[in-house]
Amino acid sequence: MRTDIFARLDREPEPPKIVAPRMSRHRAALFGGTLAFYLAIVFAVLVTSWLVVLDWKVMLFRPYQQWPELHAFLDYYVVLGQRGPTAVMVACWLGWRSWRQHTLRPLLVLGTSLLLLNVTVGAVKLGLGRLGPHYATQIGSAEMFAGGDIFPSGHTANAVVTWGILAYLATTPRARRYLSAVSATVSLGVGLTTVYIGTHWLSDVVLGWAAGLLILLALPWFEPLIARAERWILDLREQWRARRRAVRQVRAPGVVPQPVLLPQSIAAEGAALAAGAGTPATHLATGARARAHHVPTVCPERPQPAPAGTRRPQSHPEHGSRGPGSPAPARPMTGG
């Protein structure tokens, strides 16, 4: 007996009408405020403000030594922020949704967000070059421009983006609220876990939260590009399917493809035959077509053999061969 739970696993008969989010005033205001907060964190670390002092206090507190019983669990929990495992898990879920709803939008949104994450966060990491707590060289220093790559926290930003995509792609307000709460909890826990283990400063995690939120807020600007990419991919798929159907029809058993002559070729051959102009290439082509249609070709220079039972004419030693009914040779005229 089927239930509603298993019925929802079936593919929908037609694509649902999903309205892509737009950059509203509320979302634009959130984006502007988050961007200002992002720049303020970067400035506070660059000038070695109180935020850097707090980073050092938390690092010297060594949370992993204060609560060692949590270390084993948090070593596995922090995997929820690693890019590879989380991208595979979320891509599987969104791939099933794409198949069920006849649309590529979920996968394209995920790919766009991960591309923005790698470009923006990676560029800031390499540009600022901050060292992590385990590689710090001077107490109280911001450890900037020293060849590091931990500011902002990639684990935290990836957790915000990867799990936040599920809330962004939700189709109902209720599902969006629940998934937003889940993604916020996971990303908050991943960020604090990196501080507990000692791989990131506290300011790294705060900047990672802001970086991931900026990407989620900016996604509506890329919705027209995602829609055009989806139409282009679907058009390519239809062309490929049409080409495969044509190949199958040609290779079907019992169907022999007939040669097709172009109108230009037919007109050229007709004009050549009407003018009586023949070239060796034309004779060869004509002979090939005659052999293809089983028409025997006759060479005019060679005499044809006579049928059986026919009497061949006798040859005269003086006058040569003369057939029956042939006139006698004229005698020479002699005088008187």
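What share of the 336 residues of the protein chain counts as buried? The share is 31%, where buried means under 20% relative accessible area with a 1.4 Å probe, protein chains only. This is a predicted model: local features need pLDDT of at least 70, side-chain atom pairs count only at pLDDT 80 or more, and totals for chains, interfaces and linings use all residues. Residues are numbered from 1 along each chain as its sequence is written, and side-chain values use heavy atoms, without hydrogens and water.

**View 1. Helix H10, residues 202–218.** Helices are DSSP runs of H or I with at least four residues, numbered from the N terminus. H10 has 17 residues and reaches 25 Å from first C-alpha to last. The expected span is 24 Å at 1.5 Å a residue, counted over one less than the number of residues. Because 14 of its 17 residues are buried, H10 is largely enclosed by the rest of the structure.

**View 2. The largest nonpolar core, with 51 residues.** Such a core joins buried Ala, Val, Leu, Ile, Met, Phe, Trp, Tyr and Cys residues through side-chain atoms within 4.5 Å. Phe-151 and Ile-165 touch the most other members. Elements giving two or more residues include H2, helix H8 (154–168) and H10. H10 supplies the largest share, 9 residues.

**View 3. Around Phe-151.** Contact means heavy atoms within 4.5 Å. Neighbours within four places in sequence are left aside. Among the contacts of Phe-151 are Ile-41, Val-45, Leu-128, Met-144 and Leu-207.

Definitions and conventions: Buried < 20%, exposed > 50% of the residue type's maximum accessible area, 1.4 Å probe, protein only.
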